[in-house]
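Here's a structure to look around in. Have a look at it first, and then read on for a short tour.

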Amino acid sequence: DEVPGVAAKCARTLWSDRKFTDFKILCGGKATPCHRAVLAGASPVFAKMLESGMVEGTCRQVKLQEAPKDVQAMLRFMYTGVFR
């Protein structure tokens with residue numbers, strides 16, 4: 001049986017603590033540490049990028065040109081389900 005909210009709580013903890021990260025998102029001169037499993041689980045685009053052997057997957061980082069506040073909002077949503 002599943003315990004409601006356990007996975008969501010774990011993802012929120014990963015976002016707040018930033019322990020055991022294995023990927024970086026580069027944007028606006030800042031590197032945000034992330035977890036590949038969370039990115040791939042939340043986004044089919046990240047999943048394909050990370051599993052296909054693309055340079056971003058092998059180098060374990062991607063540079064995004066979007067506005068930094070938008071990238072942070074996207075990541076917060078992927079980890080917490082909260083959109084601000």
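What follows is a walk through a few spots in this model.

## Before we start

This is a predicted model, so to speak of local features takes pLDDT of at least 70 and side-chain atom pairs count only at pLDDT 80 or more, while totals for chains, interfaces and linings use all residues. Residues are numbered from 1 along each chain as its sequence is written, and side-chain values use heavy atoms, with hydrogens and water left out.

## The nonpolar core

A nonpolar core here is a set of buried Ala, Val, Leu, Ile, Met, Phe, Trp, Tyr and Cys residues joined through side-chain atoms within 4.5 Å. Buried means under 20% relative accessible area, exposed over 50%, and partly exposed in between (1.4 Å probe, protein chains only). The largest such core has 16 residues, and F23, I25, L39, F46, V62 and L75 touch the most other members. Two or more residues each come from β1 (23–27), α2, α3 (44–51) and α5 (68–80). The largest share, four residues, belongs to α5. Those helices (H or I, at least four residues) and strands (E, at least two) are DSSP runs, numbered from the N terminus.

Zoom in on V62: leaving aside neighbours within four places in sequence, its contacts (heavy atoms within 4.5 Å) include F23, I25, F46 and M49.

Rings of Phe, Tyr and Trp (its six-membered ring) pair if their centres lie within 6.5 Å; planes under 30 degrees apart are stacked, over 60 edge-to-face, and the rest tilted. W15 and Y79 have ring centres 5.1 Å apart and planes at 40°, so the pair is tilted. W15 is in helix α1 (residues 6–17) and Y79 in helix α5, 64 residues apart. Both W15 and Y79 are buried.

The charged end of R18 sits over the ring of W15, 3.8 Å from its centre; the rule asks for NZ of Lys or CZ of Arg within 6 Å of the ring centre and within 35 degrees of the ring normal.

## Two buried polar residues

T32 lies in strand β2 and is buried, at 4% relative accessible area. A polar contact of 2.8 Å joins its side chain to that of Q72. Such a contact is a pair of N or O atoms within 3.5 Å; within protein, one must be able to donate a hydrogen and the other to accept it, and residues adjacent in sequence count only if both atoms are side-chain atoms.

H35 lies in the loop between β2 (30–34) and α2 (36–42), and is buried at 6%. The side chain of H35 reaches the backbone oxygen of K19 at 2.7 Å.
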